[in-house]
Amino acid sequence: MTGQPLRILLLDDNPDDRAMTIDALRRTFSALEIVQIADAESFGRSLEAGDFDLALTDYQLHWTDGLTVLRAIKDAKPDCPVVMITAAGSEEIAVEAMKAGLDDYLVKSPRRWDRLPTAIQSAWELARQHWALGEAETWYRSVCEREAAGSLELGQVLAEIVALASQVTNSDYASIMLLDESGNVSLSAENPSDVPSPGSHARDEDLTNWIVRSHETIIVDAIGDDGRLIPDPGEGAPHLASPGLVASGTRALAGLPLMIRHRLRGILYLHSLHPGAFRDQQPLLSTFSKQIAIAVENARVFQAEQQQSRRLTLLADVSRIVATTLDINAMLQEVAESIRHHFAYPIVGLFTLDDEGQTLIRRGYSGISMGPPKPPALEAYSQPIGQGIIGHAARTGKSYLTGDVTTDPYYKPPDRAPMRSEACIPMLDGGRLVGVIDVESDRPADFDEGTRSLLEAVADIVSVGLRNVSLYEESQHRLQELTLLNRISVGFGSVLNIDTLIDGALEGLRELANADRTYFSTVDSDARAWERAHESVAPDIEPHIGMTGTLDNWRIEFERLLTGQPFAVFDTTFDPRVEDTREMYRLLGVQSMLLAPVQFGNRLYGALGVEYCRERHAWHPDEIRLLKGMAHQLELALDNLHLFEEVQVRADELAGALARLEELDHLKDEFIQNVSHELRSPLAIVRGYVEMLRTGELGELQPEQQKPVDIIARRVRMLGDLVQDITLILEAEANPPESGAVPLSAVAQSAVEDFQIAVEQAELTLQAEIPPGLPPVNGSFIHLRRLLDNLLSNAIKFTPAGGTITVRVRREGEQVALDVSDTGVGIPSDQLERIFERFYQVDGSTWRRFGGVGLGLALVKEITETFGGHVTVDSEVGEGSTFSVVLPTAVDPDLGNE
Ligand code: ADP
């Protein structure tokens, strides 16, 4: 602004006055352009072109009057100041003109030439200030609009302020600095780009400190070559400009504190190369600085709010990701993207520590492409702990922020385009390092305490997530382990095909442990050699199944296994314990290995092994436990197998014995059948003759002959009964007798009558309880009669003289029961089951005196069951016995069910 000539439109009819006016103005204004207007036509042209900054008009014009001119100008250029020369004593005109917007007036008098330049100057100055404030107002409104639209950026606002300051004030160079709570510069902007910069020389620490302390505006009209400040800023303030400021060529200076609610928020500096540039601008500058202070505060609050809400959404977002993702890579990738999405940093990387705790592996990355031709795959980038900024943060476990990586002692230049500032936040789980969050920016000092605390909160959430995922994975792993063990134990328990089961178990184990080989080697019985009998190998891994070796050559391993303990080696190339076998491990390509003994009986039966060939593997106690568990299962399986084989042999032996017994039984039956058959005819003949002898048909018997013949007759009858029993029992077994409806009462009645004599001879009483009207049962008369004969003979046989025998027929539900009770010797309860067996007799030595061969009850049971019934006995030793035969009633359509 200062360099431009002031363009004045001069309307005056009097050429002399015009010359005087121009002369007066030229004495004051160095750069001046004056357009003289003497008629309506030239006025119209100028008005249309609008190429003037101020108008000076006489009231009295021959072609119009000053008031009309004023109105025309204010219509065309409302901001253009107009000064009028009025005739003496015409105050009314002056008042009316002021109402129409006149900026100043001079009364036409000889002294007016002296006052003219000052009037023009102040009108111009006022108009300019008015305009400047208008510009500032417009700008302020745009700040408010952007705030409402949510797109206010503090840095941008500062840049606009310095641009605006250069435009609306007399400054050649402007700078603004914002101060944080502790008075440090938090953000600054300076030097509109189209003006040469006095650069950092223009910074004057003393002046700044003074403004920070006093909150006073400082306006320096001039700076002497010796640095003296004119006017002197007052007591306590610096009196000299810094040499840098002097050297920068600054000749006038304004330092304006930006105050918000009595607190200093920043300072705006205006510099000019022209002395006095800010001399009369105090009101403008104070208004201006108030306005920008508010705008800056708005932007600052807005930005803080924006940042806070971005922080909150980031934290919410990260929490959501962590809570919903169970895959580490996916989780870290999403978190990296979320950080970048919320803060637009060019590089965000999330690293975790590898298993050995030595290297950080990048597992989540979001940002600019990392160099041609395409971004590297995830995890492709890793950094050893302690190296670079990331490694440093990891090693110390403390957040590390650097405003400028190029001067950072830990910085290691990457092979991609370098960034400017970097923040590394370690992720800790209970104080233990689990990973690092790395954020980089292409702007210097882009990370502040706010970023640090935010990223630390993110790191905390992510490390909780990492722990959750690892707990989840661990429990999944445990579950798989248990499933495998369970499968193995169930499989081994069934001992179907132990080879298949071992193969299956080895494969399951290898997959679970992600190992390269799992195997089972057996040791021969004299503990000299081993052989790898079963094996499961990963794809591309050379199999070693069938490999053999001597235990002498693997002494250490063997001795260790003999103790019953597993043997785990993390690194076969270094472990001193495998010194002797190191070379063999190398040849076999084994980097890490784990062995567990399998014992059988008291000897080492073999060993289960796990091997890693492509990388070393740190053995987790869980894995060792799992292998021990498997070995134990295998031991049990071998034990089972052994038992099973023994049982098998015994079972075979028993089956053979049983077959032989069955054959003998069969032979015996056949023999008895033959004998009975052969006995029947001769017995019938003997019986016939004996009866003839006994009844005297073959001549009277002598009295001493009669008794022996009776005995012979009785014994022959018994013999006949026996043969009949044998025949019936064997026949019933071979071909069941034909059955029909038999009235059980009739059978019982006939037996009771036939046994009357025998009962009397035994000095017993026989009672019969045979009600009429009972339904017939299913059976055959001969067989049922034989059944009853046997029960009655037994009752007589086992009842001492004086006792009573009762035959009872009764209904039992839908069936008919026959009871034969006696008051005889009874049967011990432990014999009750057995008496129905063929040839069984209760303790022969005690009861032999009763005779018989033990077939009678067997026949009773056989007959009863043949007809669909059952027999039971109820007995008390010394009290008597009751045999009950229950038979189903016959289903005879003619007789009905009754
Ligand atoms: P046997 O009478 O020919 O010995 P049984 O099969 O008829 O053979 O009887 C088997 C055994 O049951 C008899 O030896 C006897 O010990 C016992 N027993 C059978 N009936 C009675 C009974 N009424 N009282 C006591 N013991 C009996």
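**View 1. Helices H1 and H5 pack at an angle of about 55°.** Their axes lie 9 Å apart; axes are lines fitted to C-alpha atoms, for helices over the stretch in contact, and angles run from 0 to 180 degrees between N-to-C directions. H1 covers residues 15–28. Helices (H or I, at least four residues) and strands (E, at least two) are DSSP runs, numbered from the N terminus. The angle makes H1 oblique to H5: under 35 degrees counts as roughly parallel, over 145 as roughly antiparallel, 65 to 115 as roughly perpendicular and the rest as oblique. The crossing is right-handed, that is, the near helix is turned clockwise from the far one by less than a right angle. Asp17, Met20, Thr21, Ala24, Leu25 and Thr28 of H1 meet residues of H5 including Trp113, Leu116 and Ile120; contact means heavy atoms within 4.5 Å.

The model is predicted: local features need pLDDT of at least 70, side-chain atom pairs count only at pLDDT 80 or more, and totals for chains, interfaces and linings use all residues. Residues are numbered from 1 along each chain as its sequence is written, and side-chain values use heavy atoms, with hydrogens and water left out.

**View 2. Helix H5 spans residues 112–149.** Its 38 residues reach 54 Å from first C-alpha to last. That is close to the 56 Å expected at 1.5 Å a residue, the expected span being 1.5 Å times one less than the number of residues.

**View 3. Six strands form an open, antiparallel sheet.** The order is S21-S20-S19-S24-S23-S22. Strands S21 (548–550) and S22 (567–569) are the edges, each pairing on one side only. Two strands pair if DSSP finds at least two bridges between them. Neighbouring strands are turned by 20° against each other on average, direction ignored. S20 (529–537) and S21 share three bridges in the antiparallel sense. Glu531 has Thr548 in S21 as its bridge partner.

**View 4. Helix H14 lies across S22, S23 and S24.** H14 (555–562) runs at about 50° to S23 (592–600). Helix H16 (621–694) also packs on the sheet, touching S19, S22, S23 and S24. The direction of H16 makes about 30° with that of S23.

**View 5. Helix H21 (856–866) contains buried residues.** Among them are Leu857, Leu859, Val860 and Ile863. Buried means under 20% relative accessible area, exposed over 50%, partly exposed in between (1.4 Å probe, protein chains only). Their cover includes helices H17 and H19 and strands S30 and S31. Gly868 follows H21, and its phi is positive, near 80°.
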